[in-house]
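Have a look at the sequence and the structure first.

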Amino acid sequence: MTVHATPGRHVLADFRGVAADRLTDPAALQAQMIAAAQAAGAQVLSAHFHHFGEGAGVTGVVMLSESHISIHSWPEHRYAALDIFMCGSAQPERALACLQAALAPESVRVTTAVSYTHLTLPTKA
């Protein structure tokens, strides 16, 4: 058996004071999140975004080989919650910086957790 330890970093961010019009366009948010994933060195697999209607927020996820980036927005509160989890050599902090530049929040609160996934793989005989 071979054991592999894969460190992952989970970055949770609260963006407050974001202009409401930056939080209502699912196509723009999807493009920004894909660009953020690429800036972090992650491989994008797919994306799915849903707009809740006129003046309402968006929820979306970009699935990555390294895990995911998701967003939930409340334009009426000028608020977005981001969840960025990446394993391997991808750098979630770069994705966060990219999204912070795109959405221009007045304040940001970040929580980061490091996790380790231990995989035991059979050794070829």
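A word on burial before anything else: buried means under 20% relative accessible area, exposed means over 50%, and partly exposed is in between, using a 1.4 Å probe and protein chains only. This is a predicted model, where local features need pLDDT of at least 70, side-chain atom pairs count only at pLDDT 80 or more, and totals for chains, interfaces and linings use all residues. Residues are numbered from 1 along each chain as its sequence is written, and side-chain values use heavy atoms, with hydrogens and water left out.

**The aromatic pair**

Let's start with the rings. The structure holds 1 aromatic pair. Rings of Phe, Tyr and Trp (its six-membered ring) pair if their centres lie within 6.5 Å; planes under 30 degrees apart count as stacked, over 60 as edge-to-face and the rest as tilted. W74 and Y79 make a tilted pair, at 5.5 Å centre to centre with 35 degrees between the planes. W74 has a relative accessible area of 36%, so it's partly exposed. Y79, at 14% relative accessibility, counts as buried.

Helices (H or I, at least four residues) and strands (E, at least two) are DSSP runs, numbered from the N terminus. Two strands pair if DSSP finds at least two bridges between them. Strand β4 (residues 67–74) runs antiparallel to β5, with 8 bridges joining them. Look for H68, whose bridge partner in β5 is F85.

The hairpin of β4 and β5 has 4 residues between the strands, and R78 there takes a positive phi near 55 degrees. Most residues other than glycine have a negative phi. A104 is also worth a look: its phi is near 50 degrees, a positive value in a residue other than glycine. A104 lies in the loop between α2 and β6, and it's partly exposed, with a relative accessible area of 39%.

**Salt bridges**

How many salt bridges does a search of the whole structure find? It turns up 3, where a salt bridge is a side-chain nitrogen of Lys or Arg within 4 Å of a carboxyl oxygen of Asp or Glu.

| Salt bridge | N to O distance |
|---|---|
| R9 and E93 | 3.0 Å |
| D14 and R109 | 3.4 Å |
| R78 and E106 | 3.0 Å |

Take R9 and E93, whose side chains meet in a salt bridge. The two link distant parts of the chain, with R9 in strand β1 (residues 2–16) and E93 in helix α2 (residues 92–103), 84 residues apart. R9 counts as partly exposed at 24% relative accessibility, and E93 counts as partly exposed at 38%.

Next comes the salt bridge of D14 with R109. That pair also links distant parts of the chain: D14 sits in strand β1 and R109 in strand β6 (residues 107–121), 95 residues apart. Here D14 is buried at 14% relative accessibility, whereas R109 is exposed at 55%.

R78 is in the loop between β4 and β5 and E106 in the loop between α2 and β6, 28 residues apart. R78 is partly exposed, at 35%, and E106 is exposed, at 62%.

**What surrounds D14**

Which side chain makes a polar contact with the side chain of D14? That of Y79, at 2.5 Å. A polar contact is a pair of N or O atoms within 3.5 Å; within protein, one must be able to donate a hydrogen and the other to accept it, and residues adjacent in sequence count only if both atoms are side-chain atoms. Leaving aside neighbours within four places in sequence, D14 is in contact with Y79, A80, A81, S107, V108 and R109.

**The core**

A nonpolar core is a set of buried Ala, Val, Leu, Ile, Met, Phe, Trp, Tyr and Cys residues joined through side-chain atoms within 4.5 Å. The largest one has 26 residues, and those with the most contacts inside it are F15, I69, I71, I84, M86 and L99. Elements giving two or more residues to this core are β1, α1 (26–39), β3 (58–64), β4, β5 and α2. Beyond its neighbours within four places in sequence, L99 is in contact with F15, Q32, M33, A36, I69, L82, I84 and A104.

Definitions and conventions:
Contact means heavy atoms within 4.5 Å.
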